[in-house]
Amino acid sequence: EVTSTFTQGLPKAELHVHIEGTLEPDLKLKLAQRNHVDIGQTTIEDVQKTYQYDDLASFLAVYYPAMNVLQTEQDFYDLAFAYLQRAAANHVRHVEIFFDPQAHTSRGIAFATVINGLYRATVDARALNIDARLIMCFLRDFSKESARQTLAEALPYKEKFIGIGLDSDEHNNPPLKFARQYEDAAAAGLHLTAHCDIDQKDSIEHIRQALEMMDVERLDHGTNIVEDPDLVDFAVRHQIGLTSCPLSNSFVSPEMKGQEVLALLEKGVKVSINSDDPAYFGGYIGDNYYALADQFALTKAQVVQLARNSFETSWISEDQKRLYL
Ligand code: ES4
Ligand code: ZN
C-alpha cells in the first residue's frame, strides 16, 4: 500500500547526505569542462559508466578523485543548489548536509572557498521552502593532527555550520581517535554526530565509544547497535538518532538492513531514512524510503514514524520542530 508517490510526497528531514556524493555525471562533466580538468571521459554516458563499485574501497576510489572538478566557490554553490532542488522535489523540508573540507583543502582548495559556496546555496534554499544547514565531517583515515588543524580553520566560520561528523574509512579508525576534537567542538556550541558504518570490524566498540565517551547525539548508520541490548537501551533513553541509508547499504553489503531498521523502530529507537551519496547509490531520499518500504512491506504508519523520527532527531530548535511534528 506504500507507493513511491507517497514516499516522495511525505514531508521529511534529511540528516545523512554527503554533498560530494550528490555530484551527478552531468554536473561532473560540466564542471570538468568549465575548469579544464581532464576526468578521462567526455560524455555523460561514459561518466555514468565509471559509477561502478561493489564495496566501500572501490566506491571511495571513484568518489575522491571526482572531487578534482570542484575548484571555485561557484562550483560548490552549484553542487549544493542542484542537490537542494532535488531535495525540494522529494519534499525535504529540513536538511543537514555533510561536507568533507579535508577532501578539498588536501588538494589546495581554501576552506573559505568550500564553505562560502555551500553556505550561499543553503541561504538560497529558503526560496525552495527548505531549511538547509551544514555539518563538517573529519576524514577519519586522516591524522588527528589534520583534524585539529581543520577544526582550527573552521571555528572562525562556526556561524555557518551547526555540527561535526566523522566519515570515510572506519577500519582501524575508531571514534576515540578524535575525542579531543569532539570535546573542543562541543565547547564551541556545535552538535556532534559520527558514522558507525554497518558491519565494520569493532562496530559495537565504536558505537560504545561514540555514545558513552564522546556524547554524540546521533549515529550515522549505526544499525549494528541492534546486537547489543544495553546500547539499544541507552539509545532509547537518550533519544539518539540513527540515520540509516538503505540504498547505500545495498551497495556495500548484501542487504539494506531492513530487518534491523524494523527491529529498532519496534524498540523505540529514533531511526530515520536517508540517501548518503544519492548520485552514486541509485536514488534520492524518496527512493530510499520506497526501496525499504517495498522490500520489507512497511506499513504507512511505519513510514510516517520514520519521517517523524527525522524531524525529532534533527538539530532544529524545539519551536521549529513543532511546525513539522
Ligand atoms: C561514504 Cl558510503 C561512505 N562511507 C564512508 N564515508 C563516506 N563518505 C561519503 N560516503
Ligand atoms: Zn555517510
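A crossing of two helices is left-handed if the near helix is turned anticlockwise from the far one by less than a right angle, and right-handed if clockwise.

Some housekeeping before the details. This is a predicted model, where local features need pLDDT of at least 70 and side-chain atom pairs count only at pLDDT 80 or more, while totals for chains, interfaces and linings use all residues. Residues are numbered from 1 along each chain as its sequence is written, with chains lettered from A and ligands numbered from 1 in the order in which they are written. Helices (H or I, at least four residues) and strands (E, at least two) are DSSP runs, numbered from the N terminus.

**Two helix pairs**

Axes are lines fitted to C-alpha atoms, for helices over the stretch in contact, and angles run from 0 to 180 degrees between N-to-C directions.

| Pair | Angle and axes |
|---|---|
| H8 and H9 | about 15 degrees, axes 9 Å apart |
| H5 and H7 | roughly 35 degrees, axes within 7 Å |

On the H8 side, Ala147, Arg148 and Leu151 make the contact, and on the H9 side Gln181, Asp184 and Ala185 do. Contact here takes C-beta atoms, placed from the backbone, within 7 Å. By type, the residues of the H8 contact with H9 come to 3 nonpolar, 1 polar and 2 charged. The nonpolar class is Ala, Val, Leu, Ile, Met, Phe, Trp, Tyr, Cys and Pro; Asp, Glu, Lys and Arg are charged, and the others, Gly among them, are polar.

H5 and H7 also cross in a right-handed way. Residues making that contact include Phe76, Tyr77, Phe81 and Leu84 of H5, with Val114, Leu118 and Ala121 among those of H7. The tally for H5 with H7 is 8 nonpolar, 5 polar and 4 charged.

A residue is buried if 20 or more other C-beta atoms lie within 10 Å of its own, exposed if 12 or fewer, and partly exposed in between, with C-beta atoms placed from the backbone. For H8, the buried ones are Ala147, Thr150, Leu151 and Ala154. They cover an arc of only 100 degrees around the axis, which puts them on the same side of H8; the arc is that of the directions from the helix axis to the C-beta atoms. Glu145 and Ala152 are exposed on the other side of H8. Packed against the buried residues of H8 are H6, H7, E3 and H9.

In H9, Gln181, Tyr182 and Ala185 are buried. Looking down the axis of H9, these fall within an arc of 100 degrees, so they line one face. Their cover includes E3, H8, E4 and E5.

Most residues other than glycine have a negative phi. His36, with phi near 55 degrees, goes positive without being glycine. His36 sits in the loop between H2 and H3, and counts as exposed because it has 7 C-beta neighbours inside 10 Å. Gln239 also has a positive phi, near 55 degrees. Gln239 is in the loop between H11 and E7 and is partly exposed, with 14 other C-beta atoms within 10 Å.

Note on methods: Contact = placed C-beta atoms within 7 Å.
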